[in-house]
Amino acid sequence: MDLTPFINGLYGIPVIGLLFQLVGYLVAVIPPNSPNIMQQATPLALAAICGVLCERSGVVNIGIEGTMLAAAFTAWVVGVAIQPMFGTPNPSDIFGITIPLIISLAAGVGVAMAISALHAWLSISLRADQIISGTIINIAAVGLTGYLNQLISQNSPAGAGEFARFVPPTALTNLPGIGWILAMLLNQGPISISVIVLVIGTQLWLFRSRWGLRTRAVGEHPRAAETVGIDVIRLRYRNVIIGGAFAGLAGAFLSIEATNSFQDDMTAGRGFIALAAMIMGRWTPIGSFGAALLFATFLQLGQVINISPPSGELGTIMASVPPQLFDALPYILTIVILAGVVGRSIPPAADGQPYEREAAT
């Protein structure tokens, strides 16, 4: 049955037809671009889980942006340093894994955990202002990585390479209805594919385990948690540092999986978008992942519209819009969502409040 006359009729309706054209355009461009959307969502989801673990424990961490940037730089520069030691290793058939890549990934995650430990020490032990602590981390990361990158990149060094994507069987990706979803989830490198496992694992860990119950108790009422034997200080330290590992994965993804390079400020505000995803997802891993996918869709659409705008009247209207506006779509969405969601989403009651043990009497 030919639906073209019916579709053209819908598109011809004044004003409302533009909405139908937009929906048709989205239906046409999202499935083939779904693997790229997952690529865009990976650092956002991992960074959002970092925020969830921190804030569920009562520690605000706006230094995720700087932590990701430091991890991305470290993963790349360690690859630059150790690549000559291994010559030209043969990549594994699985994700193109090599020893230099594994070492680079571990270095990026390790640095992120060290920075998170610093933030935990400032926020928990010294009870410094958590917003200021995170801001210092962001500023220091931008300055140090930018300066060091200028020194190192003058020689145009080669890094350790990048992880390869898994190519799923066409029998899966061609399945009607769900093939494009399977392609989105499976046509990825190891860090992207691990996101689904990590999201589900942390969701179960946070809401179906004793550790999760204690974490939520510490984030809601640390004084009451202490009275039943929970070590609030230790638990906060542990969760902030574990959260740093997720931010480290997000940063390393940018420099050794999405690309094989490092550019100044390559996180491009993703750490802050991840915080918005965390709030939109109501401080849950699965909710944050869903919000990250939404933000990633807008990130990808901004690029797709500039490259392949829609046809018809909708395309004419979009052609008159400055292309920079489409690049700004995810950031505009961040502002809109924060303006509409923040007042309705209730954070953990003790979020951002330093905890001091009562003196023994």
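Mentor: Please note at the outset that this is a predicted model. We begin with the largest pocket, where α14 supplies the largest share of the lining, five residues.

Trainee: Which helices each supply at least two residues of the lining of the largest pocket?

Mentor: The lining comprises 15 residues, and Leu22, Ile305, Met318, Phe326 and Leu329 lie nearest the centre of the pocket. The helices that each supply at least two lining residues are α2 (16-29), α14 (285-307), α15 (312-319) and α16 (323-327).

Trainee: How many residues of this lining are nonpolar?

Mentor: The pocket has a volume of about 280 Å³. Its lining includes no charged residue and one polar residue; the nonpolar residues number 14.

Trainee: Is Ala48 buried or exposed?

Mentor: Ala48 belongs to helix α3 (residues 34-56). Beyond its neighbours within four places in sequence, Ala48 is in contact with Ala274, Ala277, Met278 and Ser288. The cut-off for the class is under 20% relative accessible area. Because Ala48 has a relative accessible area of 1%, Ala48 is buried.

Trainee: Which residue forms a salt bridge with Arg127?

Mentor: The whole structure holds one salt bridge. This pair links distant parts of the chain, 229 residues apart: Arg127 is in the loop between α5 (99-125) and α6 (130-153), and its partner is in the segment after α17 (329-341). Arg127 is partly exposed at 38% relative accessibility. The closest N and O atoms are 3.8 Å apart, and the partner of Arg127 is Glu356.

Notes: Residues are numbered from 1 along each chain as its sequence is written. This is a predicted model: local features need pLDDT of at least 70, side-chain atom pairs count only at pLDDT 80 or more; totals for chains, interfaces and linings use all residues. Side-chain values use heavy atoms; hydrogens and water are left out. Helices (H or I, at least four residues) and strands (E, at least two) are DSSP runs, numbered from the N terminus. Buried means under 20% relative accessible area, exposed over 50%, partly exposed in between (1.4 Å probe, protein chains only). Contact means heavy atoms within 4.5 Å. On a 1 Å grid over the protein atoms alone, a cavity is a set of points where a 1.4 Å probe fits but cannot get out, and a pocket is an open set with protein on both sides within 12 Å along at least five of seven lines; lining residues have an atom within 4 Å of a point. Grid points are joined across faces, edges and corners, and a volume is the space filled by probe spheres set on the points. Ala, Val, Leu, Ile, Met, Phe, Trp, Tyr, Cys and Pro count as nonpolar, Asp, Glu, Lys and Arg as charged, and the others, Gly among them, as polar. A salt bridge is a side-chain nitrogen of Lys or Arg within 4 Å of a carboxyl oxygen of Asp or Glu.
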